Amino acid sequence: MKPFAYVRATSLQQAAAAHARVPGARYLGGGTNLVDLMKLGVETPPALIDLSRLPLHDVEELPEGTLRIGAMARNSDVAAHPVVRARYPALSEALLAGASGQLRNVATTGGNLLQRTRCSYFQDVSKPCNKREPGTGCGARDGVHRDHAVLGHSAHCIATHPSDMAVALAALDAGIELYGEQGARTVPATDFHRLPGDRPEQDTVIRSGEIVTGVLLPAVAPGAASLYRKARDRASYAFALASVAAALELEDGRVRRVALAFGGLAHRPWRAATAEARLAGAEPTAAVLREAVDAELARAQPLSDNAYKVALAGNLACDALATLARRAGARPVTS
């Protein structure tokens, strides 16, 4: 690990100013991803700006039912929060599906959103990777890519985003609060992460020096239900091969509102707009759910070793939506 400077910030303003003084500086939250990448030589920041003392740890209810989660709130605390468990079970389930108990006790909300891909070519500085070193090529495309993207990838990158939490936030229509030299702003969770295009090194829409300060969850309508499902190679401490976050409201046995997001399939959480549009106003029978999900996944472009992800994700989504429909009081969705 190369030497670096260290600054312990006491305010957002001080943190942003310290970042502006040192080109290439990085913000430090729990460090569960950044420090690992520094040990591997993937990240070599000249300075770390520690945000852990900033007053961003709270989970608080706001007027009109909105919930705000501070960027420094620990994953384990958010997952166990009674309001999160009661109103936003998909978020609690997604957090509990990620990492290990020890890591969840350290990892933060902001850091979870900003974690980088676990692609082995990205993490190995001896291998080509456009995300780590633009212009060197994508080693995974013609190499080992069983775990890689089937949606939204490009010739420059086929990596997937590893966060479980981000998938739930995308389905729950969360907003990401940011603070920088130009002031504060809020970005929809569905727009926060980028597809790779020809700039795979840019994971998010964050501007230089901006700090994630919190997450806003909108009020949940009475009768709404949500869940998170994840398929992985082993029962714990494994990243998603495919995952699904879904939310559903029914009215008179038909879909009043549905939200569906996939994880493990793309460079960012994939909001399934095509499937949602086909389900709007429909009776959630098994056939209808399958047709809508298949229409979404028809856009997939799997590579030679990861075509299994399309069927896996489709089955997860259909099962998740059928489960939510039953919980909402729909008749059995068998036809």
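Predicted model: local features only at pLDDT ≥ 70, side-chain atom pairs only at ≥ 80, totals over all residues.

Modeller: Ser-154 sits in the loop between helix H8 (120–123) and H9.

Biologist: Is Ser-154 buried or exposed?

Modeller: Ser-154 counts as buried, because its relative accessibility is 14% and buried means under 20%.

Biologist: What does Ser-154 touch?

Modeller: Not counting residues up to four places away in sequence, Ser-154 touches Arg-141, Pro-196 and Gly-197.

Biologist: And Gly-143, where does that lie?

Modeller: Gly-143 is also found in the loop between H8 and H9. Its relative accessible area is 22%, so Gly-143 is partly exposed. Leaving aside neighbours within four places in sequence, Gly-143 is in contact with Tyr-121 and Asp-305.

Biologist: How many residues lie between Gly-143 and Ala-18 in sequence, and how far apart are they in space?

Modeller: They are 125 residues apart in sequence, and 40 Å apart in space from C-alpha to C-alpha.

Biologist: Ala-18 is in a helix, then. Which residues of helix H1 are buried?

Modeller: In helix H1 (residues 12–21), the buried ones are Ala-15, Ala-16, Ala-18 and His-19. They lie on the same side of H1, because they cover an arc of only 160 degrees around the axis.

Biologist: What do the buried residues of H1 pack against?

Modeller: They pack against five strands, which I can list: strand E1 (5–8), strand E2 (26–28), strand E3 (47–50), E6 and E8.

Biologist: You mentioned E6. How many bridges join E6 to strand E7?

Modeller: Six bridges join E6 to strand E7 (residues 183–188), and the two run antiparallel. They form a hairpin with two residues between them. Gly-180 stands opposite Gly-183 in E7.

Biologist: New topic: the nonpolar core. Which residues in the largest one touch the most other members?

Modeller: That core has 34 residues, and the ones touching the most other members are Ile-69, Leu-91, Leu-113, Leu-169, Ile-176 and Leu-217. The elements that give two or more residues to this core include strand E5 (67–70), helix H5 (89–96), helix H9 (165–171), strand E6 (175–180) and strand E8 (211–217). H9 gives the most, with seven residues.

Biologist: Take Leu-169 from that list. What does Leu-169 touch?

Modeller: Not counting residues up to four places away in sequence, Leu-169 touches Leu-91, Leu-113, Ala-174, Ile-176, Ala-189, Val-215 and Leu-217. Apart from this core lies another, of 33 residues, among them Leu-227, Leu-265, Val-293 and Ala-313.

Biologist: At what angle do the axes of H12 and H13 cross?

Modeller: The axes of helix H12 (residues 286–297) and H13 cross at roughly 145 degrees and come within 10 Å. The crossing is right-handed.

Biologist: Now the sheet. What is the order of the four strands in the open sheet?

Modeller: The order is E9-E10-E11-E12, with antiparallel pairing. Strand E9 (225–231) and E12 are the edge strands, each pairing on one side only. Helix H13 (residues 308–327) packs on this sheet, where it touches E9, E10 and E11. The direction of H13 makes about 30 degrees with that of E10.

Biologist: How many bridges pair E9 and E10?

Modeller: E9 and E10 pair over seven bridges, in the antiparallel sense. Ala-231 has Ala-242 in E10 as its bridge partner.

Biologist: And how many bridges join E10 to E11?

Modeller: Strand E10 (residues 242–251) is joined to E11 by nine bridges, also antiparallel. Glu-251 has Arg-254 in E11 as its bridge partner. The two strands form a hairpin with two residues between them, and Asp-252 in the turn has a positive phi of about 55 degrees.

Biologist: Is E11 mostly covered or mostly open?

Modeller: Strand E11 (residues 254–263) is mostly covered, with seven of its ten residues buried.

Biologist: Last one. How many bridges pair E11 and strand E12?

Modeller: E11 and strand E12 (residues 270–271) pair over two bridges, in the antiparallel sense. Phe-262 has Trp-270 in E12 as its bridge partner. Their hairpin has six residues between the strands, and Gly-264 takes a positive phi near 75 degrees there.

Conventions: Residues numbered from 1 in each chain as written. Heavy atoms only, no water. Buried < 20%, exposed > 50% of the residue type's maximum accessible area, 1.4 Å probe, protein only. Pairing = 2+ DSSP bridges. Core = buried A, V, L, I, M, F, W, Y, C linked by side-chain atoms within 4.5 Å. Contact = heavy atoms within 4.5 Å. Axes fitted to C-alpha atoms, helices over the stretch in contact; angles between N-to-C directions. Arc of directions from axis to C-beta. Left-handed = near helix turned anticlockwise from the far one by under 90°.
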